[in-house]
Amino acid sequence: MREAKLEPDVISYTAGIGACEKGRQWQWAFALLSHMWEAKFEANRISYNAAISACQNGKQWQRALFLLRDIRQMNLYSDLFVYGIVASMCEHGGHKKLVQSLTREMCGLIAAE
């Protein structure tokens with residue numbers, strides 16, 4: 001994009017994060033999300049979901065949990081699928097208390113619907 005003198009936007013960043021997720025490149029997905037923040041673009045739910053999925057591919061439960069907490073702080077809607085991904089990663093990592101906490105939050109989302 002720089003070579004073509006095009007300015008990135010939320011859509012192009014999100015597309016890049018999605019491509020990194022599909023290519024199993026969690027490091028690059030996380031880096032693109034960080035670049036979005038630095039460029040003062042507001043990542044959306046799709047951006048975060050793709051980054052969390054990339055973290056799943058890389059078995060990066062800590063980063064996925066960080067991103068999920070970021071989603072909540074920004075009051076972005078996060079679907080049950082994303083909570084399930086993060087809870088599953090935490091379970092595989094042996095973090096039962098985190099799984100219980102995420103399960104309670106998921107139940108809260110269901111009750112709110």
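Biologist: Which residues in H1 meet which residues in H3?

Modeller: In this predicted model, Thr-14, Ile-17, Gly-18 and Glu-21 in H1 meet Ile-46, Ser-47, Ala-50, Ala-51, Ser-53, Ala-54 and Asn-57 in H3. These residues divide into 5 nonpolar, 5 polar and 1 charged.

Biologist: What makes H1 roughly parallel to H3?

Modeller: The axes of H1 (residues 10-22) and H3 (residues 45-57) cross at roughly 20°. Angles under 35 degrees count as roughly parallel. Therefore H1 is roughly parallel to H3. The two axes come within 8 Å, and the crossing is left-handed.

Biologist: Why is Val-86 called buried?

Modeller: Its relative accessible area is 0%. Buried means under 20%, so Val-86 is buried. Val-86 sits in helix H5. Beyond its neighbours within four places in sequence, Val-86 contacts Ile-52, Ala-64, Leu-65, Leu-68 and Leu-102.

Biologist: Why is the pair of Tyr-13 and Phe-41 called tilted?

Modeller: Their planes are 55° apart. Stacked needs under 30 degrees and edge-to-face over 60, so this pair is tilted. Tyr-13 lies in H1 and Phe-41 in the loop between H2 and H3, so the pair ties together parts 28 residues apart in sequence.

Biologist: How do you know that Phe-41 is partly exposed?

Modeller: Phe-41 has 26% relative accessibility. Buried means under 20% and exposed over 50%, so Phe-41 falls in between. Tyr-13, at 12%, is buried.

Biologist: What makes Phe-30 and Phe-66 an aromatic pair?

Modeller: Their ring centres are 6.4 Å apart. The limit is 6.5 Å, so the rings pair. Phe-30, Trp-37 and Phe-66 form one aromatic cluster.

Notes
Residues are numbered from 1 along each chain as its sequence is written. This is a predicted model: local features need pLDDT of at least 70, side-chain atom pairs count only at pLDDT 80 or more; totals for chains, interfaces and linings use all residues. Side-chain values use heavy atoms; hydrogens and water are left out. Axes are lines fitted to C-alpha atoms, for helices over the stretch in contact, and angles run from 0 to 180 degrees between N-to-C directions. Helices (H or I, at least four residues) and strands (E, at least two) are DSSP runs, numbered from the N terminus. Angles under 35 degrees count as roughly parallel, over 145 as roughly antiparallel, 65 to 115 as roughly perpendicular and the rest as oblique. A crossing is left-handed if the near helix is turned anticlockwise from the far one by less than a right angle, and right-handed if clockwise. Contact means heavy atoms within 4.5 Å. Ala, Val, Leu, Ile, Met, Phe, Trp, Tyr, Cys and Pro count as nonpolar, Asp, Glu, Lys and Arg as charged, and the others, Gly among them, as polar. Buried means under 20% relative accessible area, exposed over 50%, partly exposed in between (1.4 Å probe, protein chains only). Rings of Phe, Tyr and Trp (its six-membered ring) pair if their centres lie within 6.5 Å; planes under 30 degrees apart count as stacked, over 60 as edge-to-face and the rest as tilted.
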